[in-house]
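Please consult the sequence and the model alongside the points below.

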Amino acid sequence: MSLTQLRVISSATLLASPTRVADLVTAAKNNGYEALALTDVNVVYNLVPFYHAAIQAGIKPLLGMQLALPDDNVVLIAENLTGYQQLQKISSAVQFDHLTLAELPEFTGLAVITTERGQMYHAFAAGDGNAAANAVQQLAAKQPASINIGVPGVQPNADLLAFAQLHDWTPVALGDVREIAADDDETRRVLAAIAQDVRLTQVAEDATDYTLPNCDLVTGVLQAAGLAPALAGNAALTARCSVALTVQAPELPAFPVPAGATTVQYLTQLAQTGLAAKFDGAVPDDYQQRLRYELQVIEQMGFADYFLIVQDVIKAANAQGIMTGPGRGSAAGSLVAYSLGITAVDPLEYGLLFERFLNPNRGQMPDIDIDVQDDRRGEVLEYIQQRYGRGHTAQIMATSTFGPRRAVRDVAKVLGMASYAIDALAPEIPGAASSIAAALQQNQRLRDMVRDDQQVAHVLRVAAKVVGLPRTITTHAAGIVLSAPPMLDVVALQRSGVGIGIQTQVTKEYVEQLGLLKIDVLGLRNLGMLVRMQAFVRQQFAADFDLARIPLDDQPTLALFAAGKTTGVFQFESRPMRSVLRKVHPLSFEDVVATAALYRPGPMQYIDEFAARMHGRQPVTYLTPLLAPILASTYGIIVYQEQVMQVASSVGGMSLAAADDLRRAMSKKKQSVIDAGRAEFVAGAQKRGVSAADAETIYGDIENFAGYGFNRSHAVAYGMLAFWLAYIKQHYPAAFFAVQLNDSLGNKAKTQVFVNEAKQAGVTILPPDINLSTSGYRLVKGQIQVGLSAIKGVRRDLINAIVAGRANREPVQSVQEFLLRLDPKMRTTDAIMPLVLAGAFDHVAVNRAELAADLQKIIEGVKFAGANATGMDIALAITKSAVPPLSNSELDAQTAAQLGFYVHGHPVTRFAILNGFFNIGPLASGRSGDVLVVLTDMHVIMTKKGTKMAFLTVQDESATGEVTLFPQQYLQSGALQTGTVYLMRVRPDRNSTNDEPE
């Protein structure tokens, strides 16, 4: 008689167990178990992956949950599919705060097992048999499939067996597995300490052995203890349980269509109408043929509802003024999607393939991902929920796991490492390291620390076991699922702190296996920025401006790309990418798209050859003329996945669907499929006049490129987004930079870069003004007015009060009048002085230095003057300080200290003549060489050897950077002063990986 462990938790019971599902199943197999339950506390996160892992290992999976309520504690295990569905509903109810037995759904189809932490056992241990029986009767009232009395541990328990026999309830042996092996005990306790935010020494010691024991060994122990009836009950329960989870085809909600029409007919009508509108009624024949073909495939595969659902979401969003992207992923390859307005990319114009999106050879649901402006994504999710019902929609669960650095910090803290030591250790974990082992391999200093410090070695040893475990439950950034039947019949649910407030209890890897339709609705920051830029352009420059009408062959915009002036342009803003643009010097939109596709590991090696061919420095040759129409746009180099498919089809004679299958096999290194495809390709190529040797060469090329070829549909759609941004930057720079500056509030480095570029583009920057500035940057007659939020040290509530206080009032004429309008609680020197120093009062107070000196007196004067006083009354009552006005350069420097950038010019421009004598470069370039900078801050320290060194903050028009002056250079530098311009020779910090200067 073999034992089944009926109470087992995994890492899904957050911070209570280090057990991973795959490891659990492997350990169970190695320990001789034929069946195993998984019963995490109040959640079912891991049941689906556990089920599949157990089946694959040849172990019978029992799907359950520990139900931990304030008034009871039991184990529930599904005896059949109905029980599994009830388990999901019960877990969902608990997650939505239904915390008593009475509030929970029935236990239909579930085996109930009492535990030593429940009401029954507590009453029984106290000698109250009647109360114990009543507790079980309360469980029985929930109509379970069976009542089982859990017999915990391995010690004799004749009284409990007799109690069960008396009431005709089945006793079952009940273990408590929380670890796989004995050395997991410390890890489990460390997790508990992290959960409680206490030291490990404060976690209560527990003598219980929670490891997974050998099946035969523990079975023998139980028999020897006289617990054969409990073993028999355990075996009987295991035998009764039979739940099969099968991969389900998605059950889509039926899209409502007009009376008398089918979904296919309605989809066809919408697609034909939409396509006709794009051609003013005269649709070319090749478009008609392509549309008919796509609709036929969609009908055959049963996906008409899916297209209708997605187009409806896009249509509803656009009707509410919510911007959606031109396309994402392979969906841009569909003419139906283009006709319905799902995408904005004409697939025939750009040679995009429907089969890359929806392959008739595979029955998989296609992915149509939707990009929406980030600040209104919630409205789109709410529409979907309202359209299909709260009981049929949910977001998707995600987990936030321990990364190496986070694990080290958390483990070190609970193991009692000093804070300063943690701060020294954690940065030694490379950010790119995926494990502690990888971190040790990458960092010699870290290996030295392990060798020299036993505490560090202990921390890393434990942290290595913690890395990858879930720390918190979060929400998937994009996914939402729909279901035709009630969602609770398919998947367990829980609260979400974002979006529509409800999400699944399984991650994205499993939602489609369960028969749910997944749609990714991704909030894209650049779409929100484009909306705001377009609004600025329409308000101040061109009332009829429309992003969709931007010409993609605009030469000034292409020149901007060629010059690498793409800071702030989606996909092209990093310093290395800007360098690549200058090297490639794209001449067309196609070149821009290809550059983005090439700038990735793998194809990056072809960038130089691509540029040389584009500009005629290298010839473009083809092994066969059949390749020319496919590869002409990329100068004979395979860049895209679609080109791999087209070569396989045009040269090798394969259908596009078969070519897509081959491409996928090549990308996944399925050698048997690749070898079979070679023979077919070569034979087909020979029929088309290509020699066997050339065909072999071409096949080798596509096999090589298939591994890293980029999705052209996605590249074109996202290239369009980038081009729109670049077009606005080139033609309406004030609108572009106003939005970018608002988006960069709080980011000093980015703000300075954008201010500098705005000035170079001829845009005037206006300083903050107490009467005119809003919270953020805004456009005033084509000029950018600095917002009050850009001023360092100004509270948000004060800004809101200032802006709100202007409603239906004339501008203030003095500081006194401004203060009189303000809530007395906000009239403090600390609150108002940043506004003064930033120059916000320069239009109402001629002498800024005098105002700064007298501010406290003015505030006190307002306080004592009373509500009926005027600004003039208070001004006359105050004796002004005799403070000379600041010079223009001093005013500029003072404003810059508050804003982080110079509004009027820059101190270094006064020394531009030095450019003729030195090779001075911008600080933002990050290269070694000469820079001309103003010193804005300095921190001097004493080294261990008693010498001085300094850390400087310096700035030129391009960036702010940190400069370290070592002792020898510090001695040679003389008396450095902030506000002074210096010519420095610098080199980049070898350890810096940032895109900012150091």
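**Salt bridges**

Asp 448 and Arg 451 both belong to helix 19 (residues 444-452), where three residues, about one turn of the helix, separate them. Helices (H or I, at least four residues) and strands (E, at least two) are DSSP runs, numbered from the N terminus. The model is a predicted one, in which local features need pLDDT of at least 70 and side-chain atom pairs count only at pLDDT 80 or more, while totals for chains, interfaces and linings use all residues. Residues are numbered from 1 along each chain as its sequence is written, and side-chain values use heavy atoms, with hydrogens and water left out.

- Asp 448 forms a salt bridge with Arg 451, with 3.3 Å between the closest N and O atoms; the term denotes a side-chain nitrogen of Lys or Arg within 4 Å of a carboxyl oxygen of Asp or Glu.
- Asp 448 is partly exposed at a relative accessible area of 25%, whereas Arg 451 is exposed at 60%. Buried means under 20% relative accessible area, exposed over 50%, and partly exposed in between (1.4 Å probe, protein chains only).
- A salt bridge also joins Asp 520 to Lys 518, the closest N and O atoms being 3.4 Å apart. Asp 520 is buried, with 14% relative accessibility, and Lys 518 is buried, with 12%.
- Arg 795 and Asp 797 meet through their side chains in a salt bridge of 2.8 Å, N to O. Arg 795 is partly exposed at 38%, and Asp 797 is partly exposed at 36%.
- A network of salt bridges links Arg 7, Glu 116, Arg 117, Asp 176 and Arg 178.
- The search of the whole structure finds 42 salt bridges.

- Six strands make up an open sheet of mixed pairing, in the order 7-12-9-8-11-10; two strands pair if DSSP finds at least two bridges between them.
- Strand 7 (370-373) and strand 10 (493-495) are the edge strands, each pairing on one side only.
- Strand 7 pairs with strand 12 (residues 517-524) in the parallel sense over four bridges, and Val 521 in strand 12 is the bridge partner of Ile 370.
- Strand 8 (residues 393-401) runs antiparallel to strand 9 (residues 470-482), and eight bridges join the two. Thr 393 stands opposite Leu 482 in strand 9.
- Strand 8 also pairs with strand 11 (residues 502-507), in the parallel sense over two bridges, and Met 397 stands opposite Thr 507 in strand 11.

**Helix 12**

- Helix 12 (residues 304-319) has 16 residues and spans 22 Å from first to last C-alpha, close to the 22 Å expected at 1.5 Å a residue; the expected span is 1.5 Å times one less than the number of residues.
- Gly 321, which follows helix 12, has a positive phi near 75°.

- Phe 918 is located in the loop between helix 40 (888-899) and strand 16 (929-942).
- Phe 918 has 35% relative accessibility and therefore counts as partly exposed.

**Overall architecture**

- The protein contains 41 helices and 19 strands.
- The C-alpha trace spans about 100 × 85 × 65 Å along its principal axes.
- Of the 998 residues, 52% count as buried.
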